[in-house]
Amino acid sequence: MSLAKNLDFLRHLPKVDGLRFAEFGRSAAASSPLEEVTGFGDNPGNLRMFAFVPAQWQKPRALVVVLHGCGQTAAAYDLGAGWSTLARHYGFALVMPEQQRANNGNTCFNWFNPEDTVRDGGEARSIREMIAHMAEAHRIDPKRIFITGLSAGGGMTSVMLATYPEVFAAGAVIAGLPYGIASNLREALDGMFHSPARPERELGDFVRRASDHRGPWPKMSVWHGSADRTVNPGNANEIVKQWLDLHDLPAAPMAETIVDGYPRQAWWNKDGETLVESYAITDMAHGTPLGLADNDQRYGVEGAFLIEAGISSSYHIAKFFGLTGWIADVASKKAEAKPAPQPARSPAPHLARSIRSAVADEAAEPKPEQSRGLDIGQIITRALTAAGLMK
């Protein structure tokens with residue numbers, strides 16, 4: 001890809017209104033419950049750390065790492081994608097690294113710089129240190145650590161899953177790129193704009209060479225808008241190919257379904273556990289898809305690269321991570337543990353039973369006037385009379 005083409009591509013990228021982003025960032029900081037954490041450990045990537053810890057935890061305790069896109073802050077992406085709302089509702093912790101303008105003029109994570117994309121180096125090491133700090137400080141279950149990100153944050157999500165695969169149970173990449181396809185700006189632009197196809201084995205080897213880990217591998221969820229003009233949608237296919245190779249799964253999807261109006265492909269292991277899934281958000285541009293969740297809750301707020309699409313990617317990703325069953329479980333356990341109410345002492349200990357029986361008997365006997373509803377007053381009167389408390 002020539003320098004002239006690189007410059008032409010950069011000219012056609014969506015323009016970022018610095019003032020608008022600054023104002024949105026300030027309002028997001030005021031709205032987001034994220035708190036900055038300093039002194040978390042080694043920080044060779046010079047990143048900032050923001051975190052959220054819920055008042056009530058699901059057990060075992062879980063942690064989700066969320067990486068923002070270019071031109072965004074941790075707080076702005078949290079507000080837009082709704083992660084802290086999900087975390088509060090379902091009882092898991094968040095760590096949201098934030099890029100600094102000194103590292104990248106557009107505040108993009110440097111997913112293509114060799115010094116930032118190797119195990120124990122640069123930005124990758126900084127994010128790993130944040131995770132270790134959270135895990136120790138809040139007793140996070142090491143088997144319940146997850147990661148997701150948008151765009152350059154999606155590219156850095158691929159980096160973290162490749163360089164520290166033993167740390168994560170699963171990841172989700174939104175409008176991002178596979179690991180290992182770029183080691184400089186020219187290759188990064190080529191990947192973003194053209195997404196050249198590569199053999200599955202080559203893509204898998206990029207990840208295998210990133211660490212000494214040889215499995216099991218994290219699960220992967222992939223999201224991409226079909227009308228994305230910033231990161232070529234072909235990258236979604238390349239990410240899927242990369243992780244199918246690692247999991248030794250076939251190229252053909254094992255299931256193709258429609259979720260909230262959009263096609264989803266899935267692959268699972270012999271135990272029926274979904275290891276790789278892919279959502280194609282038809283006609284959506286570059287960004288994170290927002291919408292109502294299955295529980296009729298809305299997570300997130302529309303903004304730059306945060307797009308109303310009728311499907312809540314944050315919710316579905318949390319569900320893929322296995323984090324959304326906790327509320328129902330807690331309610332069920334509370335109901336089971338609640339002692340049965342004791343009947344009040346009275347001259348007629350069987351009064352309540354008499355009333356219930358009378359109501360049941362009345363309901364069981366169809367009568368012409370039944371269409372107008374039962375006369376509860378008359379039923380109770382008869383029950384009181386039967387109990388000897390009324391004449």
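In helix 7 (residues 185-193) of this predicted model, the buried residues, where buried denotes under 20% relative accessible area with a 1.4 Å probe and protein chains only, are Ala188, Leu189, Gly191 and Met192. These residues lie on the same side of helix 7 because they cover an arc of only 160° around the axis, the arc being that of the directions from the helix axis to the C-beta atoms. At the start of helix 7, a side-chain oxygen of Asn184 comes to within 3.1 Å of the backbone nitrogen of Arg186, while Ser195, just after the helix, adopts a positive phi of about 50°. Helices (H or I, at least four residues) and strands (E, at least two) are DSSP runs numbered from the N terminus.

The 10 strands of an open sheet follow the order 1-2-4-3-5-6-7-10-9-8 with mixed pairing, two strands being paired if DSSP finds at least two bridges between them. Strand 1 (35-37) and strand 8 (255-259) each have a single partner strand and stand at the edges, so one side of each is left without a neighbour in the sheet. The twist from one strand to the next averages 20°, with axes fitted as lines to C-alpha atoms and angles between N-to-C directions running from 0 to 180 degrees. Strand 2 (residues 48-52) pairs with strand 4 (residues 93-98) in the antiparallel sense over five bridges, and Arg48 stands opposite Glu98 in strand 4.

Residues are numbered from 1 along each chain as its sequence is written, and side-chain values use heavy atoms, with hydrogens and water left out. Local features need pLDDT of at least 70 and side-chain atom pairs count only at pLDDT 80 or more, whereas totals for chains, interfaces and linings use all residues.

Notes
Buried < 20%, exposed > 50% of the residue type's maximum accessible area, 1.4 Å probe, protein only. Polar contact = N/O pair within 3.5 Å; in protein donor to acceptor, adjacent residues only side chain to side chain.
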